[in-house]
Amino acid sequence: MDANATHAHPTAIDFHGKTIVITGAAGDIGFATAQYLGHLGARIGLLDLDPEKTQAAAKTLTQQGITNAYFIADVTNPEQVKNAIDHLSHTLGPIHGLFNNAGYQGHFSPTHTYPLDDFNRVMHINVTGAFTVMSAIARHMITHGGGAIVNTASMAAVGGPPNMIAYATSKAALIGMTQTASKDLAPYQIRVNAISPAYMGPGFMWTRQVELQAAAGSQYFDACPDNVAEQMIQSIPMRRYGHINEIVGAVAFLLSDTSSYITGVNLPISGGIL
Ligand SMILES: NC(=O)c1ccc[n+]([C@@H]2O[C@H](COP(=O)([O-])OP(=O)(O)OC[C@H]3O[C@@H](n4cnc5c(N)ncnc54)[C@H](O)[C@@H]3O)[C@@H](O)[C@H]2O)c1
């Protein structure tokens, strides 16, 4: 491309005519993002393991006037992922964006007692699963002229949260995966970025981590969940947890043409935790 070429100012974020696939779409962050991108005009492809929650999510989107389709698949299963991409792209049209977001938090226990089977499970879902989906969708995007991918990492990747060795390791891997994929896929007009939420709520993961950090009985957190919630909030410069809806705008920005020169970046959504 001509380095001196002039570019028009971007228009407001608009996904009309675009298909976005979201993994973990039935969960708190995935579903909130599906609704937001849908209201910005996107056709939404929902991919999740949980049939009941996914069907309910699809129904709600339809009631809100958002064009959507869903496919029940395990992100770690390459055949199911391929079938999902085939079904969603045939139903909704070529995929322009991927929010690669399915994830599992794992056990809460210290490094020396952390169960190996759960460590492997976390790595399999969060790392191998994210790679499986990203790689398959990249092949699809290459044949359709490009696209944008956002991987859900976490501040756990850099913060060293106690009792979360598998989760922290998996999310650090996702940041590395994002950086390498951004290089590999740049020649194909595919941008790859990551977001790193910190303490987000309300929702399943917030409640689960408060309760399980309390139960883990470490020197870092109190044994009472209410006190753990307060300890976590006091560690955030903005002194509150982030709302799930404070993630969706960042995902929209990174998936849209407004961020057309941004790739390989990991964006903290953390209330000031760095
Ligand atoms: N909520 C937070 O505080 C927080 C903070 C940082 C990062 N994250 C990350 O954000 C992402 C979404 O989290 P959430 O809070 O919405 O959690 P959630 O548990 O509400 O949603 C996760 C979704 O992923 C799906 N899923 C899990 N394993 C799957 C698999 N193998 N194949 C397909 N789908 C699968 C689940 O069915 C679920 O619907 C995760 O990657 C999580 O690690 C969350």
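Biologist: How far is an N or O atom in the side chain of Tyr 167 from an oxygen atom of the ligand?

Modeller: The distance is 2.6 Å. That pair is within the cut-off for a polar contact, which is N or O atoms within 3.5 Å; within protein, one must be able to donate a hydrogen and the other to accept it, and residues adjacent in sequence count only if both atoms are side-chain atoms. This is a predicted model: local features need pLDDT of at least 70, side-chain atom pairs count only at pLDDT 80 or more, and totals for chains, interfaces and linings use all residues. Residues are numbered from 1 along each chain as its sequence is written, and side-chain values use heavy atoms, with hydrogens and water left out.

Biologist: How many residues surround the ligand?

Modeller: 26, and the closest are Ile 29, Asp 48, Asp 74, Asn 101 and Tyr 167.

Biologist: What's the shell like by class?

Modeller: There are 14 nonpolar, 6 polar and 6 charged residues. Nonpolar is Ala, Val, Leu, Ile, Met, Phe, Trp, Tyr, Cys and Pro; charged is Asp, Glu, Lys and Arg; the others, Gly among them, are polar.

Biologist: Which helices each supply at least two residues of that shell?

Modeller: Helix 1 (28–39), helix 6 (165–185) and helix 7 (204–216). Helices (H or I, at least four residues) and strands (E, at least two) are DSSP runs, numbered from the N terminus.

Biologist: And what does the domain assignment give?

Modeller: Domain 1 is 19–197 + 247–268, and domain 2 is 199–243. The bounds come from an automatic or database assignment. Their C-alpha centres lie 25 Å apart. The contact between them (heavy atoms within 4.5 Å) takes 12 residues from domain 1 and 14 residues from domain 2. The ligand shell draws at least three residues from each domain.

Biologist: Back to Asp 74. What does the side chain of Thr 76 do with it?

Modeller: The two side chains make a polar contact at 2.8 Å. Thr 76 is in the loop between strand 3 (68–72) and helix 3 (78–92). Leaving aside neighbours within four places in sequence, Thr 76 is in contact with His 124, Ile 125 and Gly 129.

Biologist: Is Thr 76 buried or exposed?

Modeller: Thr 76 counts as buried because its relative accessibility is 15%. Buried means under 20% relative accessible area, exposed over 50%, partly exposed in between (1.4 Å probe, protein chains only).

Biologist: New topic. Why is helix 9 described as largely enclosed?

Modeller: 6 of its 8 residues are buried, so the rest of the structure largely encloses helix 9. Those are Val 248, Ala 250, Val 251, Ala 252, Leu 254 and Leu 255. They pack against several elements, including strand 1 (19–23), helix 1, strand 4 (95–100) and strand 5 (147–152).

Biologist: What about Val 265, where is that?

Modeller: Val 265 sits in the loop between helix 9 (248–255) and strand 9 (266–269). Its relative accessible area is 35%, so Val 265 is partly exposed. Gln 179 is 86 residues away in sequence, yet its C-alpha is 7.2 Å from that of Val 265.

Biologist: Which non-glycine residues have a positive phi?

Modeller: Gln 189 is one, with phi near 60 degrees. Arg 239 is another, near 55 degrees. Gln 189 is in the loop between helix 6 and strand 6, and counts as exposed because its relative accessibility is 54%. Arg 239 is in the loop between helix 8 (225–234) and strand 8 (242–243). At 45%, Arg 239 counts as partly exposed.

How values were computed: Near = heavy atom within 4 Å.
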